[in-house]
Amino acid sequence: MPRQTRSKPKILIVLHQENSSPGRVGHMLLEEGFDLDIRRPPLGDALPGTLDGHAGTVVFGGPMSANDEDEFVRRETNWLQIPLRENRPLLGICLGAQMLANHLGGKVEGHGEGLVEIGWYPLKATEAGKKLMHWPEMVYQFHREGFSLPCDATLLATNETYPNQAFRYGDNAWGIQFHGELTRVMMQRWVVRGAHRFELPGAQPGRDHLGGRLIWDMHLKRWLDEFLRTIFGEPVAR
């Protein structure tokens, strides 16, 4: 009889543009022994009706708003009930965190004074966050909106301009406003394509994005590795 090979557990990766990449998150998950199941709802990809075949989900960012009326935004936000109901590990990054906040009854909106976070900004762990792990002091941001803390969620990290930076809901749902997934190539692409946003109030010039990476990215990368291990644990082959 042929020897049966056990398949690697899959992480559902939800992206929002044709050329988007899971970046360093994808690299780290692959290195840990997971496979990636990449779906792009704006391009018509369906999301599964159950996560029985997956070890968890990561919902990434995008240029759209979680408040947009696009069909895929509503469909994807409503779909979050599946990982929540099945208690499967779920991580929302930027737009993904805002969709999760909306789904849980929170509110997504811009800063009252029109400030954005585009560049490197300080991060402060809450007491709950400190008990979980060591957090980086500076993180990379690229957003014009933030989210209120959903009811019954635990705030893990904060800052002055957008106070809700990371939260945990229940056992397995997590949301972060900032970006740890960017490789250097991805950051260079964002700096070029997003240059028109550097004139917004509170945004940093493009040179500071790449310069800050030389100083702070290694700490952000180390944190991300520990954070993903905390959420998804060790893969169990099926």
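Is Phe142 buried or exposed, and what is its relative accessible area? Phe142 is buried, at 12%; here buried means under 20% relative accessible area, exposed over 50%, and partly exposed in between (1.4 Å probe, protein chains only). The views below come from a predicted model, where local features need pLDDT of at least 70, side-chain atom pairs count only at pLDDT 80 or more, and totals for chains, interfaces and linings use all residues. Residues are numbered from 1 along each chain as its sequence is written, and side-chain values use heavy atoms, with hydrogens and water left out.

**View 1. Trp120 and Trp216 form a tilted pair.** Rings of Phe, Tyr and Trp (its six-membered ring) pair if their centres lie within 6.5 Å; planes under 30 degrees apart are stacked, over 60 edge-to-face, and the rest tilted. By this rule there are 11 aromatic pairs. In this one the centres are 5.8 Å apart and the planes meet at 45 degrees, so the pair is tilted. Trp120 sits in strand E6 (residues 117-122) and Trp216 in helix H7 (residues 206-232), so the pair ties together parts 96 residues apart in sequence. Helices (H or I, at least four residues) and strands (E, at least two) are DSSP runs, numbered from the N terminus. Trp120 is buried at 2%, while Trp216 is partly exposed at 28%.

**View 2. Phe142 meets Trp190 edge-to-face.** Their ring centres are 5.5 Å apart, with planes at 80 degrees. Phe142 belongs to strand E8 (residues 138-143) and Trp190 to helix H6 (residues 184-193), so this pair ties together parts 48 residues apart in sequence. Trp190 is partly exposed, at 23%.

**View 3. Ring pairs build a cluster.** They link Trp120, Tyr140, Phe142, Trp190 and Trp216.
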